[in-house]
Amino acid sequence: MLRSLTEGGVEYVFANFGTDHTPLIEAAARLRDAGEADAFPTFVPCPHEFVALSAAHGYAAASGEPQAVLVHVDVGTQNLGAAMHNAHRANAPVFVMAGLSPVSDAASLGGRDNPIHYAQDVFDQTAVVEEYCRWTKEYQPPADPDEVVRRGLERTMATPPGPAYLSFGREAFETRVPTTASRSPRRTRPAGADEQAVEELADRVQEADKPLVVTSDPVGGLADNGIDALVSFAEAAGAGVVERSPSALCFPRDHDLHVGFDAHDAFEHTDLLMLVETTVPWMPAETELPEDLTVVQIDTDPTKGAHPHWPFRVDSTVMADPAVTLRAVAERVEAPADTETWTELHHDRMATADDRVASHRDNDRLTPAVLSAEIAEYVDENTTVMEGVVTNRSAALHQIPLSEPGSYFWRGGAGLGWSVPAGIGAKLAHPEKRVVSLIGDGGYLFSNPASSAIAATNADAATLSVVYDNESWEAVREATRSQHGDGVSVASGVPEGEYGRSVDLSRIASVTDAYTRVVGDISSLEETLPEAIETVDAGTSAVLDVRLDE
């Protein structure tokens, strides 16, 4: 089983060990003793399962390669919680393994030998995570473990990619079974559009005066993020590009044709809307598309089968690899449309962002925009930003103009706390890069910060975590103001948006030797941020708790 993971391309097992893992622990020890430590993945001990799966997610996002997670029976499976949701929604290839309670009452190898084994015995452990998985299975001998692992990894990399879940009992892993020569997991993905579809798309694009692309996920998938394909198409077609709730960098944010992160304002200008690998291209309650606007979809998963409700209008659908298809269309477009509208929108957006920072600085206010602008000073082509700041996301997206493939990732789902442990995985995937994790104060507490700090130390993966601290669950307040602006709760300041008194959140990471500081004003930020960067670059993690002005 361990050898099969390595042969399938897994470098790390992010593990929260339990009594159900004894066969794997012994097998690893025997391989090390035989001088074959390289025959199986490196174990990274993670004191909490959310941290383990988020780190594996971060590695998979940054590398395109599936990684493994090891958790303890039903309770460890439940602790995966929001991290499993995120991996599912972000289409992150992760291979989760979980032990089962032993089945035998007899004094047999692997059988029940602790009262807890009766408490851990549940009717359907897999059901806890089944909806979020591309594949689930319980390993039962005499099945070939190599083939089971190969099949699970193959499903993580199918289209759409995502989590797989393999459960096993101790007795099963103690049973000797014959194995066959292992095969590599396949990577499967739709081909590019056929010739007729490409010609029809090219004709539509050529006829359009202001084509607009809305995208959320890299158009090239795991192996090739496809940014160059989208850039080539946009330039050939004269198309503006909107990154709507991006899970990764889809288009260079300093490019003249990047028109922002909300398509609402751009809709009034376009006459051809192209939805390319996007799940929520607009908010139906806020946007009414013109009836004469043509909407074309190019997507590997156009009907969004994992979503119970998907109400977005599409006039023409092409189920194909978007990167291959866009490259083919770009070759057939004879001349680009006039890009003046899109470049004006781009430069207006950039100017507005700069003016906002200047205004806040003039008033000596340490706002999310100012903090993001300061962080941008330390972001270069060898930096990866893991973003999770929720209500301050707009500031981070606008003030940190990333342009390099693999320079930005977001959790993809609703589970807060992801960016800090995900940074561990991103750092392991690319040790040469500086990794900066952005997170809100509420999200930081969800990240299991002590466990994240310990796991980062175990992995020797130093990252910088910056906490955008507004001392509240601001999303709760915003939602309440939106729905009940004249209500009693808003009049009293939405007290349910508070979760406790002010504390130094960075100190949690001092369970390790991490550099930790509280920052309360701009001058302190300008002094502390370079120190934190220097510390991280030297191999020690850093956490900054930045107290923001409203």
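## Domains

In this predicted model, the protein is divided into domain 1 (1-174), domain 2 (195-339) and domain 3 (364-547). The centres of domain 2 and domain 3, taken over C-alpha atoms, are separated by 30 Å. Their contact draws 11 residues from domain 2 and 13 residues from domain 3.

## Interface of domains 2 and 3

The size of an interface is often given as the accessible area lost when the parts come together. Here, domain 2 and domain 3 bury about 1000 Å² between them. Carbon and sulfur atoms give 62% of that area. On the domain 2 side, Leu249, Arg253 and Phe261 lose the most area to domain 3. Together these three residues account for 46% of what that side buries.

Polar pairing was also checked. Four residue pairs, both members at pLDDT 80 or more, are in polar contact across it.

## Nonpolar cores

In soluble globular proteins, nonpolar side chains tend to be buried together. The largest nonpolar core in this model has 86 residues. Phe233, Leu273, Ile375, Leu438 and Leu464 touch the most other members. Helix H9 (residues 227-237) gives the most to this core, with eight residues. Domain 2 (195-339) and domain 3 (364-547) both contribute residues, so this core lies between them.

Neighbours within four places in sequence aside, Leu464 is in contact with Val435, Val436, Ser437, Leu529, Ala532, Ile533, Val536, Ala542 and Leu544. A second, separate core holds 39 residues, including Ala55, Phe409, Trp418 and Ala422.

## Val543

Val543 sits in strand E17 (residues 542-547). Val543 counts as buried because its relative accessibility is 6%, under the 20% limit. With neighbours within four places in sequence left aside, Val543 is in contact with Tyr444, Ser465, Val467, Ser506, Ala509, Tyr515, Thr516 and Arg517. One of these, Ala509, is 34 residues from Val543 in sequence. In space, the C-alpha to C-alpha distance between Val543 and Ala509 is 7.1 Å.

## Salt bridges

Side chains of opposite charge can pair when their charged atoms come close. A search of the whole structure finds 24 salt bridges. In the pair of Arg434 and Asp537, the closest N and O atoms are 2.6 Å apart. Arg434 is in strand E14 (residues 434-440) and Asp537 in helix H20 (residues 522-537). The pair links distant parts of the chain, 103 residues apart. Arg434 is buried, at 17% relative accessible area. Asp537 counts as partly exposed, at 47%.

Arg244 forms a salt bridge with Asp262, with the closest N and O atoms 3.9 Å apart. Both residues lie in the loop between strand E8 (240-243) and helix H10 (264-267), so the pair ties together parts that are 18 residues apart in sequence. Arg244 is buried, with a relative accessible area of 13%, whereas Asp262 is partly exposed at 43%. Asp315 forms a salt bridge with Arg313, and their closest N and O atoms are 3.2 Å apart. Asp315 is partly exposed at 46%. Arg313 is also partly exposed, at 27%. Elsewhere, salt bridges link Glu147, Arg150, Arg151, Glu154, Arg183 and Arg186 in a network.

Conventions. Residues numbered from 1 in each chain as written. Predicted model: local features only at pLDDT ≥ 70, side-chain atom pairs only at ≥ 80, totals over all residues. Heavy atoms only, no water. Core = buried A, V, L, I, M, F, W, Y, C linked by side-chain atoms within 4.5 Å. Buried < 20%, exposed > 50% of the residue type's maximum accessible area, 1.4 Å probe, protein only. Helix = DSSP H or I, 4+ residues; strand = E, 2+ residues; numbered from the N terminus. Domains from an automatic or database assignment. Contact = heavy atoms within 4.5 Å. Buried area = accessible area lost by both parts, 1.4 Å probe. Polar contact = N/O pair within 3.5 Å; in protein donor to acceptor, adjacent residues only side chain to side chain. Salt bridge = Lys/Arg side-chain N within 4 Å of Asp/Glu carboxyl O.
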